Amino acid sequence: MSKLHNQFGVLDNELNWFTSYLNDQEQVCCVNDHISFRKSIRGGVPQGSILGPLMFLLYINDLPEYLKFTTPGLYADDTQIYASSDNYDELVNFLNSDLENISRWLSDNKLQHHATKTKVMFIGSPYNIRNNIGNKSVIFRNTPLLHYRSFKCLGVEIDERLNWEVHVNAICKKLSAGIGVLKRKKTFVHNETLHAIQNRAVF
């Protein structure tokens, strides 16, 4: 409520409406036809609600203000930070400093991070990747982050040299699997159906 009021200027009846909407929410858990007791929800928004995604975006909107040395990229609950330098130690200092700021912001806003999804990748020329990456670690919440040579970002496989080989290979693997399925099933499916699948395929 304070963010809606202070950052977005929501006042009076509108603010009271949001307060009423979020207060007195309860949830139950059902496992194998057994339903738990009702429990009050002290944070968050109703799951599956239309307003939920919008309110979450409003809630995390101030995260970039906490970053001093990096540039953020936010997409829903997926956040990435970027920094650039021709000096490895300076680059790691930039990342570590803003990761501390993010950790503080998460605690202040009662949010958690996914440790298994927290990764670091250095992008550069083959020479710099081979010779100029030092031993200093990028650390988040007292844990050194694993250095990945590639990872998937919003459906695109990005590698440390930006040559797209990993992404192209991943697409070819998926296409090969799909073609294999069609080949095995072609004797059981009418030609018209196969042509329809082929025409609607998006690569």
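Residues are numbered from 1 along each chain as its sequence is written, and side-chain values use heavy atoms, with hydrogens and water left out. In this predicted model, local features need pLDDT of at least 70 and side-chain atom pairs count only at pLDDT 80 or more, while totals for chains, interfaces and linings use all residues.

**View 1. The largest pocket and its lining.**
Rolling a probe the size of a water molecule over the atoms shows where empty space is left. On a 1 Å grid over the protein atoms alone, a pocket is an open set of points where a 1.4 Å probe fits, with protein on both sides within 12 Å along at least five of seven lines. Lining residues have an atom within 4 Å of a point. The largest pocket holds about 1600 Å³ of space. A volume here is the space filled by probe spheres set on the points, which are joined across faces, edges and corners. The lining counts 46 residues, and Thr79, Gln80, Ile81, Lys117 and Lys119 lie nearest the centre. Two or more lining residues come from each of strand E6 (78-82), helix H4 (88-108), helix H5 (126-131) and strand E9 (150-153). Helices (H or I, at least four residues) and strands (E, at least two) are DSSP runs, numbered from the N terminus. H4 gives the largest share, seven residues.

**View 2. The second largest pocket.**
Its volume is about 1000 Å³. The lining of this second largest pocket has 29 residues. Nearest its centre lie Gly43, Gly44, Val45, Tyr59 and Leu111. Helix H1 (2-6), helix H2 (12-22) and helix H3 (51-59) each give two or more residues to this lining. H3 gives the most, with six residues.

**View 3. Asn142 in its loop.**
Most residues other than glycine have a negative phi. Asn142 is not a glycine, yet its phi is positive, about 65°. Asn142 sits in the loop between strand E7 (139-140) and strand E8 (143-144). Its relative accessible area is 77%, so Asn142 is exposed. Buried means under 20% relative accessible area, exposed over 50%, and partly exposed in between (1.4 Å probe, protein chains only).

**View 4. Trp164 in its loop.**
Trp164 has a positive phi, near 65°, and is a residue other than glycine. The loop that holds Trp164 runs between strand E10 (156-159) and helix H6 (165-185). Trp164 counts as partly exposed, because its relative accessibility is 43%.
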